[in-house]
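Open the model in your viewer and keep the sequence panel beside it. The stops below go from one selection to the next.

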Amino acid sequence: MAVLLRGTSAATSTVGPSSALLATTFRRSRGRLLPRAAPQRRLYVARASAQPLEVCAKESITVPGRLGDCPFTQRVLLTIEEKHLPYELKLVDLANKPDWLFEINPEGKVPIVKLEEKWIGDSDVITQTLEEKYPEPPLATPPEKASVGSKIFSTFIGFLKSKDPSDGTEEALLNELTSFDSHLKDNGPFINGGTISAADLSLGPKLYHMEIALGHYKNWSVPDSLSHVKTYMKSIFSTDSFVKTQALPEDVIAGWRPKVMG
């Protein structure tokens, strides 16, 4: 488990080197937690007036001490970042789940966030709770647009797992991307128009996984004809919050390998 403290705010104060926080990664040995590597000094900004949220997330399987490849966790972190809330990130080795994880979430899943002394799981529930508790800046997507692009992820997975080029899975993904491109053309640049909303924070990480996984395993990319989708992806992936919370490409590739090989 690695513990990091992060925070963003429109009015932030920089944490100086003398008070920079230490992040230490641990490994389990005969039921005990032992240091895996020397503490790594990191520098963050934090809003002193707010109590950091506790967030449990998947640890990288390629670089210990780095955030892992879960798109649902990134959705939660993007929401926290966009709302300028400080948070304490606890990275968990999901291949060797610690006992304490099951104590706070019997299912042993992440992401989970501690809000008002209560641990909450499921990215849908977490992000909705954050919107209600921290309404500024508002991120809610109007109901009539909330489902835009929602089928892209499932069709991407279908195509990624496919072994038959003629089974229609690529066509299904292209149909969903084409529909999304049309929406962006008429309503963009983001799902709800000119500003990023919750729907973008949910879809963005999934598109990131799609781009990396399909590029690696199928040498496939979004067609140039879907220019609005390509511009959208470039815009989302380049935001500060996305860059801070994105998984390493190596982790995305490794994370999807079982589905491709299975």
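Start with the lining of the largest pocket, which by class has 5 nonpolar, 4 polar and 6 charged residues. Here Ala, Val, Leu, Ile, Met, Phe, Trp, Tyr, Cys and Pro count as nonpolar, Asp, Glu, Lys and Arg as charged, and the others, Gly among them, as polar. A pocket is an open set of points on a 1 Å grid over the protein atoms alone, with protein on both sides within 12 Å along at least five of seven lines; lining residues have an atom within 4 Å of a point. Select V110, P111, G121, D122 and S123, which lie nearest the centre of the pocket among its 15 lining residues. The elements α1, α3 and α6 each give two or more residues to this lining. Helices (H or I, at least four residues) and strands (E, at least two) are DSSP runs, numbered from the N terminus. The volume of the largest pocket is about 250 Å³, where a volume is the space filled by probe spheres set on the points, and points are joined across faces, edges and corners.

The model is predicted: local features need pLDDT of at least 70, side-chain atom pairs count only at pLDDT 80 or more, and totals for chains, interfaces and linings use all residues. Residues are numbered from 1 along each chain as its sequence is written, and side-chain values use heavy atoms, with hydrogens and water left out.

Stay on V110 and P111: the peptide bond from V110 to P111 is cis, with omega near 10°. P111 sits in the loop between α2 (99-104) and β10 (112-115). Another cis peptide bond runs from E136 to P137, with omega near -10°; P137 belongs to the loop between α3 and α4.

**The cavity**

Next, select L78, E82, I196, D200, L201, I236, T239, S241 and F242, the lining of the largest cavity. A cavity is a set of grid points where a 1.4 Å probe fits but cannot get out. The largest cavity holds about 40 Å³ of space, and the count of cavities of 30 Å³ or more comes to 1. At least two lining residues each come from α1 (71-82), α6 (198-218) and α8 (240-245). By class, this lining has 5 nonpolar, 2 polar and 2 charged residues.

**Salt bridges**

Side chains of opposite charge can pair when their charged atoms come close. A salt bridge is a side-chain nitrogen of Lys or Arg within 4 Å of a carboxyl oxygen of Asp or Glu, and the whole structure has 10 of them.

Select D69 and K58: their closest N and O atoms are 2.6 Å apart in a salt bridge. D69 is in the loop between β8 (53-58) and α1, K58 is in strand β8, and the two are 11 residues apart. Both D69 and K58 are buried; buried means under 20% relative accessible area, exposed over 50%, and partly exposed in between (1.4 Å probe, protein chains only).

Move to D124 and R75, a salt bridge with its closest N and O atoms 2.6 Å apart. This pair links helix α3, which holds D124, to helix α1, which holds R75, across 49 residues. Which of these residues is buried? R75 is, because its relative accessibility is 14%. D124, at 46%, counts as partly exposed.

E131 and K83 form a salt bridge with closest N and O atoms 3.0 Å apart. E131 lies in helix α3 and K83 in the loop between α1 and β9 (87-92), 48 residues apart. E131 is buried at 15% relative accessibility, and K83 is buried at 2%.

Finally for this group, select E54, E88, K90, K114 and E117, which are linked in a network of salt bridges.

**Single residues**

Select K145, in the loop between α3 (123-133) and α4 (152-161). K145 is buried yet has no salt bridge; the nearest side chain of opposite charge, E144, is 5.9 Å away. Lys and Arg count as positive and Asp and Glu as negative, while His and the chain ends are not counted. Leaving out residues up to four places away in sequence, K145 touches H183, N187, I191 and N192; contact means heavy atoms within 4.5 Å.

Then go to H84, which has a positive phi of about 60° although it is not a glycine. H84 is partly exposed, with a relative accessible area of 27%.
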